Amino acid sequence: MNHFTDAEIAALNQLEYKPDEPACFDPMRWALRWRDEEYPCGGDEYHHLLDLAVARSFIHQGKPREQWFAIAPTSYYMEVWDEALARAPNWPGFKRVELSDADRQYLLYEYARPDEHF
């Protein structure tokens, strides 16, 4: 099943990785995100970008693939990740599966913050 349109895949592949791009924490998705991984879009396209960030957050959390879901078991995030990896291998987000020490420290700092901060 394809979750991404051909236009979305083309846009993901055309993004330029910027190694010095700072991470930002997205508390709604409990994930790190970087601006160079996104392109101007809305609607379903934007949700697909967010879904990639969520899938990668499961990797950053050390969750096995079978646990890549938030509430009820689903294979959705595995499917989205695998499709993007196969069809859009140039997406900058794939270069951030392994976190730098600084990004790991930032993520752990954000995880430890009280909920009322968000």
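Biologist: Which residues touch the most other members of the largest nonpolar core?

Modeller: Bear in mind that this is a predicted model. The largest nonpolar core has 20 residues, and the elements giving two or more residues to this core are helix H1 (6-14), H2 and H3. The members touching the most others are Phe4, Leu12, Leu52, Trp68, Trp81 and Trp91.

Biologist: Let's take Trp81. Which residues does Trp81 touch, not counting those up to four places away in sequence?

Modeller: Trp81 is one of the buried residues of H3. Leaving out residues up to four places away, its partners are Leu52, Ala55, Arg56, Ile59, Arg65, Trp68, Trp91, Phe94 and Val97.

Biologist: How far does H3 reach from its first C-alpha to its last?

Modeller: H3 has twelve residues, and at 1.5 Å a residue 16 Å is expected. The model comes close to that, with a reach of 16 Å.

Biologist: What covers the buried residues of H3?

Modeller: The buried residues in H3 are Tyr77, Met78, Val80, Trp81, Glu83 and Ala84. Residues three or four places apart on an α-helix point the same way, because there are 3.6 residues a turn. The cover over the buried residues of H3 includes H2.

Biologist: Now His60: is it buried or exposed?

Modeller: His60 is found in helix H2 (residues 43-60). Its relative accessibility is 5%, and the cut-off for buried is under 20%, so His60 counts as buried.

Biologist: Which backbone oxygen does the side chain of His60 reach?

Modeller: Beyond four places in sequence, His60 is in contact with Trp34, Arg96, Val97, Leu99, Arg104 and Leu107. At 3.4 Å, its side chain reaches the backbone oxygen of Val97.

Biologist: What phi does Trp30 have?

Modeller: Trp30 sits in the loop between strand S1 (24-26) and strand S2 (31-33). At 29% relative accessibility, Trp30 counts as partly exposed. Although Trp30 is not a glycine, its phi is positive, at about 55°.

Biologist: Last one: which element has the highest mean pLDDT?

Modeller: The chain averages a pLDDT of 94, with 97% of the residues at 70 or above. Among the elements, H2 has the lowest mean, 95. The highest mean, 98, belongs to helix H3.

Conventions
Residues numbered from 1 in each chain as written. Predicted model: local features only at pLDDT ≥ 70, side-chain atom pairs only at ≥ 80, totals over all residues. Heavy atoms only, no water. Helix = DSSP H or I, 4+ residues; strand = E, 2+ residues; numbered from the N terminus. Buried < 20%, exposed > 50% of the residue type's maximum accessible area, 1.4 Å probe, protein only. Polar contact = N/O pair within 3.5 Å; in protein donor to acceptor, adjacent residues only side chain to side chain. Contact = heavy atoms within 4.5 Å. pLDDT = per-residue confidence, 0-100. Core = buried A, V, L, I, M, F, W, Y, C linked by side-chain atoms within 4.5 Å. Expected span 1.5 Å × (residues − 1).
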